Amino acid sequence: MHVFSFPAPLLVQHSECSQHRLPLHTAQNTRMLERQTSRCLPPQALMQRAGLAVARVALAVAPHARSIWVACGPGNNGGDGLQAAAFLQQWGKTVQVTLLTDPEQLPADARHAYAQAMQAGVTLTSRSPDLTDQDLCIDALLGIGASRAPDAEMLACIRAMQTSQAPTLAVDLPTGLHADTGSWLPGATAQACVHAQHTVTLPTLKPGLFTGHGRDAAGTVWWDDLGVPISTITTADLWLQGASGGLHDVDLLPQELPAHASHKGSFGDVCVIGGDACMQGAALLAGEAALYSGAGRVYVGLLQTGTLSHDAGLMVRHLADADTLNALTCKNATTVCGCGGGQAIAQWLPSLLQHCPRLVMDADALNAVAASTQLQGMLRQRAADGMVTVLTPHPLEAARLLGCHSAEIQQDRMAAANALASKYQCMVVLKGSGSICVLPHILPVAHQNQGTGAVINFSGNARLATPGTGDVLAGCMGAYWAQAHAKVPGNTPESAWKTAWRACCSAVHAHGRMADIWNEHEPVMQGALSAQRLAQGLHRPNPAI
């Protein structure tokens, strides 16, 4: 059994799984795996395993419950609920079931589960019972096959769960949530969906549980693979990164100490370009984040002069013309551009796109690209020229880059990230709840199961919804990438992309993880999380070193 919770995750995983990433499967692939497994098992065996898994989790989350109410829908998800009800009744609990269909209309395995529930003494009821906060509701209304909003009968059950004192355990995923995208089902709203305290997902992890609304709707996620062979990780649609919750969950390069003869040039250079009038703070934040994240030398090129104080370790320059840009050694460094760049950043982008081998584009740099077909063409050309670019949009910036609305981005975040990567031939980090990292289809498919398949990042929480935290991520990303390149220079386009991928995924995780552990340990980390304190908190053992 595997357990995931927000914001402080705990995981016990297969010893055969990747140490730092776990496979996620779409609804379509999950159904395929279930069919393949069922053919090798006796009739009803897979549903019996599912019911047992649900019942075990029910006892784990509500060990003192005397009464348990199970709301069962008309499909196999309802069958899993019925099978769980049978086990729980046999184990001495008082179980009541609301079944929203004629038992004879249930699928074959679910009919068998219904018969077992009745034989065990489970009570059928048309309304939710009065439950205490020690009791439990189980949501077995809709599973991964759902394609539309809950109907009126289901809405009555959902509202009963919302108003009950008892916590709710969802089977497979909360009713109303899309398994693949983490958005609400078409026609549904947050008020018409289950918000569970716990979800037990079977037999695969679903992407929608970890991005979009999924993190809020699912609560603590329990995973039971029901004995589906572990070799099925090779069929993963994408990956969950950093689920075990440690700072070193995504160690990208060996964790040895640097050589005694190291010097600041051994850890890579970062150039930050941005900071237009009244926005110098964004560029300085990115620079400080790069410095605290372990970069050897950090140059900050401000588009306008400013009087803000900054860390003495930063080498700050005012960019008056192209000659001052050349003085920042961007041609050899990892460059972060756009933080606080305003409209002025657009005039610098042609040179940066042509000459920077490793480029992180954030904030106003993304807005400038969205507004210019010339810059879009130059951005695509970089990949053809063997140069690697990382785009770090939030949903509104992603919408501008794709010419749509942010609501469309949030409706299917994975599709949006893939569309951006394909359109601009860049690595994309789509920020938000469950940040998504994807590569363009440049590496051979064979490499996707060697650590470069699309991932959803597990770390992070709403503490990051404050001004400047995106600038901190961009700076951290630049520093990790600079260090990774210094250790393992990308001698081929393929190795350059893989180095960027591993470093930037690590930065996304470390950035979110700092928000997860804030207030938990050191006194220096007590209080509200500001962007500057987040940057300073990154000064600790670095997964990229």
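Predicted model: local features only at pLDDT ≥ 70, side-chain atom pairs only at ≥ 80, totals over all residues.
Visitor: What makes the pair of F210 and F458 tilted?

Guide: The search over the whole structure turns up two aromatic pairs. In the pair of F210 and F458, the ring centres are 6.0 Å apart and the planes sit at 50°. Centres within 6.5 Å make a pair, planes under 30 degrees apart would be stacked and over 60 edge-to-face, so with 50° this one is tilted.

Visitor: How do you know whether F210 and F458 are buried or exposed?

Guide: Buried means under 20% relative accessible area. F210 has 0%, so it is buried. F458 has 2%, so it gets that label too. F210 also turns up among the residues with the most contacts inside the largest nonpolar core, along with I273, L349, L352 and M361. That core has 85 residues, and apart from it lies another core of 58, which includes V388, A479, Y480 and C505.

Visitor: Next, some other spots. Why is W501 called buried?

Guide: The relative accessibility of W501 is 0%, and the cut-off is under 20%, so W501 counts as buried. You'll find W501 in helix α16 (residues 493-517).

Visitor: What makes S459 buried?

Guide: S459 has a relative accessible area of 8%, which is under 20%, so buried is the word. S459 sits in the loop between β19 and α15. From S459 to D516 is 6.8 Å in space, C-alpha to C-alpha, and 57 residues in sequence.

Visitor: And M387, why is that one counted as buried?

Guide: M387 comes in at 14% relative accessibility, and under 20% is what it takes, so M387 is buried. M387 is in the loop between α11 (373-384) and β16 (388-391). Its C-alpha lies 8.3 Å from that of L359, a residue 28 positions away along the chain.

Visitor: On to the cysteines. How do you know which of the labels, buried or exposed, C278 and C356 get?

Guide: C278 has a relative accessible area of 79%, and exposed means over 50%, so C278 is exposed. C356 has 1%, under the 20% limit, so C356 is buried.

Visitor: How many disulfides are there?

Guide: The count is zero. A disulfide needs a pair of cysteine sulfur atoms within 2.5 Å.

Visitor: What about the backbone of C278, where is phi?

Guide: Phi of C278 is near 65°, which is positive in a residue other than glycine. C278 lies in the loop between β11 (269-274) and α7 (280-292). Q44 also has phi near 65°, again positive in a residue other than glycine. Q44 is placed in the loop between α1 and α2.

Visitor: Why is Q44 called partly exposed?

Guide: Its relative accessibility is 23%. Buried would need under 20% and exposed over 50%, so Q44 falls in between and counts as partly exposed.

Visitor: Which peptide bond is cis?

Guide: The one from L202 to P203, with omega near -20°. P203 lies in the loop between β8 and α6.

Visitor: Last stop, the largest pocket. What lines it?

Guide: The lining has 33 residues, with E34, G75, N76, N77 and I144 nearest the centre of the pocket. About 740 Å³ of space lies inside. Helices α1 (27-38), α2 (45-61), α3 (76-90), α4 (108-120) and α5 (152-163) each give at least two residues to the lining, and α1 has the largest share, with four.

Visitor: How many residues of the lining are nonpolar, polar and charged?

Guide: There are 17 nonpolar, seven polar and nine charged residues in the lining of the largest pocket.

Note on methods: Residues numbered from 1 in each chain as written. Heavy atoms only, no water. 1 Å grid on protein atoms, 1.4 Å probe; cavity = no way out; pocket = protein on both sides within 12 Å on 5 of 7 lines; lining within 4 Å. Points joined across faces, edges and corners; volume = space filled by probe spheres on them. Nonpolar A, V, L, I, M, F, W, Y, C, P; charged D, E, K, R; others polar. Buried < 20%, exposed > 50% of the residue type's maximum accessible area, 1.4 Å probe, protein only. Core = buried A, V, L, I, M, F, W, Y, C linked by side-chain atoms within 4.5 Å.
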